[in-house]
Amino acid sequence: MYWPQWIGAAIVFHVCLSVSLPSDDSNVLHIGGIFPINGKGGWQGGQACMPAANLALEDVNRRKDLLPGYLLKLHSNDSECEPGLGASVMYNLLYNQPQKLMLLAGCSTVCTTVAEAAKMWNLIVLCYGASSPALSDRNRFPTLFRTHPSATVHNPTRIKLMKKFGWSRVAILQQAEEVFISTVEDLETRCMEANIEIVTRQSFLSDPTDAVRNLRRQDARVIVGLFYVVAARRVLCEMYKQKLYGKSYTWFFIGWYEDNWFEVNLEEEDIECSVDEMKEAAEGHLTTEALMWNQNLNERTISGMTSEDFRLRLNQVLRKEGYKIDNQRFPEGYQEAPLAYDAVWSVALAFNKTMDRLHKYGKSLKEFNYNNKEIADDIYSAINSTQFLGISGYVAFSSQGDRIALTQIEQIINGNYVVLGYYDTQADNLTWFDREVWHGGKVPQDRTIIRRVLRTVSLPLFICMCVISSVGILLAIALVVFNVWNNHRRVIQSSHPVCNTIMLFGIVVCLTAVFLLGLDGRFVSPGAYPAICQTRAWLLSTGFTLSFGAMFSKVWRVHRLTTKAKSDPKVRMKKVEPWKLYSMVSGLLVVDFVVMVAWQLHDPLQRRIEQFPLEDPESSNDDSKIRPELEHCESHNNNVWLAVIYAYKGLVLIFGLFLAYETRSVKVKQINDSRYVGMSIYNVVILCLITAPVTMVIASQQDASFAFVALAIVFCCFLSMALIFVPKVIEVIRHPRDKAESKYNPDAGISKEDEERYQKLLNENEDLQRLISQKEEKIKLLKDRLAEKEAGKGGLTPSTLTQDTKDERI
């Protein structure tokens, strides 16, 4: 602000100067005018407002009943909407003859400077083009009135529209000017009261490039833009470059721009977008503006004209000044021209009322000087009570000096502004015409709608795995029936049918777990999902222990028997006790139970959601993003518990693999299917070693993970059943009467009598081997004694030999 530098000197000199400024004409009332016309930034509304003010002067001076005996004269200069230059223009108006009774001003920044200083000269300032909310401060601007409504009059309208269309999240883009800063502060307060979130507030001085880019980064969809028209063209071009327009975006612009503001001055202002591009970016945006033209085109105003009559007169004047009105090339300030016209009428009516009041006291307006506060107060009272029907509508002022007006809402449709409705702030009444047009046929959203889509297992894949698992379960049940039904057969008895039944039950449990592995959010609610997780863990752990534990116990007993036979050939290979096999399976189950109970009680499995990057929807008309999600069963210390289970199960697998390898060529009639059990263990170990790490890698791919785990379980179960039971089934089918079973196991006898005979021969063989060992020991003893005698006596005597022979016979 420049005025503080010269305001002190003005205070010192204004008293003497005011006295020394004689009027140039005794019947002329002089007022000063400050019009922004030729500037390069801000609002240059003086281009149309100054001609409108001159028209008002003509009409006022033509009226004989208004200011009788006096003429109203306007002295003006260009401020270029620069506060420093505006202060200089005001200084020249005040300190050059003739003396001014009132000041007219336009452009918020200039009005702020002029109105704050004018009180020192007891001058009333009437602003025809200033919307800054800061100007409503009566303490700071005690002598200010304005025919232009405050910018805050737009904010209730904006809030009303946001509620109407369901927008609760907005962004603000503002030019760094006081008028817009004050407006934004008021808007923020109103948004907070209305529970509307302001996602970001971006500001700029002259180049809006970075600010507009930040709007995209913040996912701004509903954007309130507050800037002068020159900056608005740059914003619109940047909007086009950043693609911040169309069906996904809603822009609120200020409504006092000219109707063709986005088509003009593009080359002069170095706008890098073409007219067509600017039109494309501007399409669909909303504007809010206080009504500046009387909406009743046939209603006669105080001047005797209708608003349409005034428009025709103004257009004629602007044509003479070189503006291409017929080509819709309106000068800046065209929309505010009625405000300037009515401002002059407000001055004339206020002066007329003041003259009547002063006449009663024998005084005149010509007696006013910059020290005469009494007449200044009379002028203030007169203009404060002024009310009339003007070209801009009904003119009246609030206690803050603000214009009371309705708000008009427009939308640009097919390149033209269309009135959508009106809003009466005081009555909170919205008049809506339902003329709005939206891209895509629906109201734009106030944010990117993120649709959470749960990734689920492919239904055909799930059904396929369930069918296969069901077949496996039925097959396992059939084998259990086969196992029980043929329990009397030697081929079944020698394979420990109870142990095989345990294995089959474990297979059923594992195959049942396949069903639960495919259950996800498609079938199960989030609340029930943790129970599914716990059940999965129990079924897989228990099923593995039952099936693999049964096979492990068999191969363990085979290894124990063969180890004892090798270490001590004299030890007879005894019959395997079944309880030893069952106790091993039971021991493994106890370990499982302890681990699972501890896991479930201290750190139970829960439903955890894994989120993936946003994806575009399949339909281009769907203005949303998809957030894929995947359900996982995890606990807080999930890795610790998995490490414990993998370590325990891994040791059993590795030890089972070792035992199977050690007994790969052993045939034991007590456990006649040990080789097939070993082969099953090989397959289980290999598949487990492959499946565990692979599933950890592909855990985020629901179909691949489910298919891999399900196939591994199914393959292990089917292969184990095939290896262990297919030979038995074939043997039973081929020999239904329990004959010639030696083909299945060469160590098996033909019949029970042969088995007894075989056992008797084994016992005799053991007895003979024992006698032979005793004889060999005695022979060795005799040889030792002969060697001693030959060495000591040189030979054996007949008597000694005879005696030894006798001993041998004995």
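Cys237 is buried, and Cys273 is buried as well. I start with that pair; keep in mind that this is a predicted model. The two form a disulfide with sulfur atoms 2.0 Å apart, and at 80° about the S-S bond the link is right-handed. It joins distant parts of the chain: Cys237 sits in helix α8, Cys273 in the loop between β9 and α9, 36 residues apart.

How many disulfides does the structure hold? Three. In sequence order, the bonded cysteines pair 1-2, 3-4, 5-6.

Next, Cys81 and Cys107. Their sulfur atoms are 1.9 Å apart, and the link is right-handed, with 60° about the S-S bond. Cys81 has 7% relative accessibility and counts as buried; Cys107 is buried at 1%.

The axes of α3, residues 83-94, and α4, residues 108-118, come within 8 Å and cross at roughly 40°, so the two are oblique to each other. The crossing is right-handed. On the α3 side the contact uses Pro83, Gly86, Ala87 and Met90; on the α4 side, Thr109, Val110, Thr113, Val114 and Ala117. That makes six nonpolar, three polar and no charged residues.

Then Cys533 and Cys633, sulfur atoms 1.9 Å apart. The torsion here is about -70°, so this disulfide is left-handed. Cys533 is in helix α16 and Cys633 in strand β18, 100 residues apart. Cys533 is buried, at 2% relative accessible area.

Last, Cys466 is in no disulfide; the nearest cysteine sulfur, that of Cys464, is 9.3 Å away.

Key. Residues are numbered from 1 along each chain as its sequence is written. This is a predicted model: local features need pLDDT of at least 70, side-chain atom pairs count only at pLDDT 80 or more; totals for chains, interfaces and linings use all residues. Side-chain values use heavy atoms; hydrogens and water are left out. Axes are lines fitted to C-alpha atoms, for helices over the stretch in contact, and angles run from 0 to 180 degrees between N-to-C directions. Helices (H or I, at least four residues) and strands (E, at least two) are DSSP runs, numbered from the N terminus. Angles under 35 degrees count as roughly parallel, over 145 as roughly antiparallel, 65 to 115 as roughly perpendicular and the rest as oblique. A crossing is left-handed if the near helix is turned anticlockwise from the far one by less than a right angle, and right-handed if clockwise. Contact means heavy atoms within 4.5 Å. Ala, Val, Leu, Ile, Met, Phe, Trp, Tyr, Cys and Pro count as nonpolar, Asp, Glu, Lys and Arg as charged, and the others, Gly among them, as polar. A disulfide is a pair of cysteine sulfur atoms within 2.5 Å. Buried means under 20% relative accessible area, exposed over 50%, partly exposed in between (1.4 Å probe, protein chains only).
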